[in-house]
Amino acid sequence: MVMEIVCPAGTPAALRAAVKAGAHTVYCGFADETNARNFPGLNFDREEMREGVAFAHSHGSKVLVAINTFPRAGDEAIWHRAVSDAEAAGADAVILADVGLLDYAARYHPGLRRHLSVQAAAANADVINFYAETFGVRRVVLPRVLSVPEIAAINAETEVETEVFVFGGLCVMAEGRCSLSSYATGKSPNMNGVCSPASHVEYHDEGGVLDAKLGGYTIHRVAKDEPAPYPTLCKGCFSAGDKTGHLFEDPVSLNAEHLIPQLKKAGVTALKIEGRQRSRSYVAQVVGNFRAAVDALEAGRPMPEGMLTRLSEGQATTAGAYMKVWR
Amino acid sequence: MPQPATTIPIFPPLFAAPLRTLPLAPLSVALSLYARTVAKTHPRLFRRLGEHAHKRYVLDPTDLPFAILLEPNGGAPKVHVTRRAVTGDARIAGSLAALLGMVHGAYDGDALFFSRDLMVEGDTGAALALRNAVDDAELDLSQEAARLSGPLARPLQKIFALAEQRTGVSLSRPEETTAW
Ligand code: SF4
């Protein structure tokens, strides 16, 4: 079976661009703190979600709604409503991370397919099988910390479908566990849907030297001729001991395009592209590229040469943990 | 070296020079009228700006001798073109081609930022909201201009198409084809 390409859409226009470019599936979220890309100007209101799902379905594509932050005690209703509204909009599945919300969805929306978000950081077969048995989870998005053999080992021990990231920004910690953004800004992807929120980012350009500050901390400074990275803390430039550099991770982005055949062999069902914060131009280019790649693989043709480095953070790419060459 | 998001043309200095003496008041009036027409056809753009719909944006085409102050004003936008240093809540700077290419969805804003073809200063959240709202609106500035020009619409569109072809600057929305 052809591998499923799961594409990001931060706006209805990006959703349409993804569908037209050949996305089998699009994932998106509501314009509030219930999803992990709660950025200014992004996401869908309820009417846009209904229209988006209808558009995707009319072109044979599916829509997954990410409700993947962790509900605040006392405010669960916001997250519960998001699950109900996703079902009412005709979503094909919801992507959830919190056990309470999974329990709620399994009890009150049993007909709505449940996927486990990367935010849940389920990285072994035991925990994945637990989610499947307890909450009826049908698919898990694996955290970006596993190698290909580790993914194959997981697939050998579970019936749950696996989805892995193949392109886009790299969240290098076990997802859902990172507190760097909370430390610097008080806001985190886990609770507020934002890592390094734009409201706390400041850029200064002096004579071509670009300084990026997050919550008042300078996290990197790039010279005139250097590519600019995102202002995320894990990719900041720090001094520790006698070393100065990108201590956690270089500001590069993931491209596992050449690993697609191995991922298929490892039993992976779906390939996920990161980037709900990106434009429809990005979505169309990346989706087109990956769709061509999986179709070529299915037809036994050679994989097309990728052209995606220019779209990547740091204008450089890595195979991430899949190849385990990290510091 | 950062790679350009793609080859982004620079407005020819030979043509930019005469713009130094261009009267800006009528241009401001014309652009404000134009922005209001766009606002009428794209009300969702302003909803998407949310809390940023009353911010002041400085759009700075770095290869032209003026900057544009855009106030979305909650859906009744005002545009002021100026040669003087102007401050706003957020400044978005880049070549005219980069800015128009982003508006039309020909270029990705983040890729322009990585390659240093685009610079954001001030209120990053406001700048991001504007970029995302504009991206969703699928604007086609030539089409909007043609709509305003009555009987001149067709010749105007031809001129835009020719200018686009000659300069490489994206003046209209690139056609999307359905691949599958
Ligand atoms: S700081 Fe880095 S690792 Fe942590 S949540 Fe943000 S992107 Fe992920």
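Biologist: At what angle do helix 2 (residues 24-41) of chain B and helix 7 (residues 141-148) of chain B pack, and how far apart are their axes?
Modeller: They pack at about 105°, with the axes 10 Å apart. This is a predicted model, where local features need pLDDT of at least 70, side-chain atom pairs count only at 80 or more, and totals for chains, interfaces and linings use all residues. Side-chain values use heavy atoms, without hydrogens or water, residues are numbered from 1 along each chain as written, and chains are lettered from A and ligands numbered from 1 in written order.

Biologist: Why are helix 2 of chain B and helix 7 of chain B called roughly perpendicular?
Modeller: The angle is about 105°, and 65 to 115 degrees counts as roughly perpendicular (under 35 is roughly parallel, over 145 roughly antiparallel, the rest oblique). So helix 2 of chain B is roughly perpendicular to helix 7 of chain B.

Biologist: What makes helix 1 of chain A roughly parallel to helix 2 of chain A?
Modeller: Helix 1 (residues 12-20) and helix 2 (residues 46-58) of chain A pack at about 10°, axes 10 Å apart. That angle makes helix 1 of chain A roughly parallel to helix 2 of chain A. Among the residues in contact are Arg16(A) and Lys20(A) of helix 1 and Glu48(A) and Phe55(A) of helix 2.

Biologist: And why are helix 3 of chain A and helix 4 of chain A called oblique?
Modeller: Their angle is about 40°, with the axes 10 Å apart, and helix 3 of chain A and helix 4 of chain A are therefore oblique to each other. Trp79(A), His80(A), Val83(A) and Ser84(A) of helix 3 meet Leu101(A), Tyr104(A) and Ala105(A) of helix 4. That contact divides into 5 nonpolar, 2 polar and no charged residues.

Biologist: How do you know which class the shell around the ligand falls into?
Modeller: The ligand is surrounded by Cys171(A), Val172(A), Met173(A), Cys178(A), Leu180(A), Pro189(A), Cys195(A) and Cys234(A). Ala, Val, Leu, Ile, Met, Phe, Trp, Tyr, Cys and Pro count as nonpolar, Asp, Glu, Lys and Arg as charged, and the others, Gly among them, as polar. The shell comes out as 8 nonpolar, no polar and no charged residues.

Biologist: How is chain A divided into domains?
Modeller: Domain 1 covers 4-170 + 252-326, and domain 2 covers 180-245; the bounds come from an automatic or database domain assignment. Their centres, over C-alpha atoms, are 26 Å apart. The contact takes 18 residues from domain 1 of chain A and 13 from domain 2 of chain A.

Notes
Axes fitted to C-alpha atoms, helices over the stretch in contact; angles between N-to-C directions. Helix = DSSP H or I, 4+ residues; strand = E, 2+ residues; numbered from the N terminus. Contact = heavy atoms within 4.5 Å. Near = heavy atom within 4 Å.
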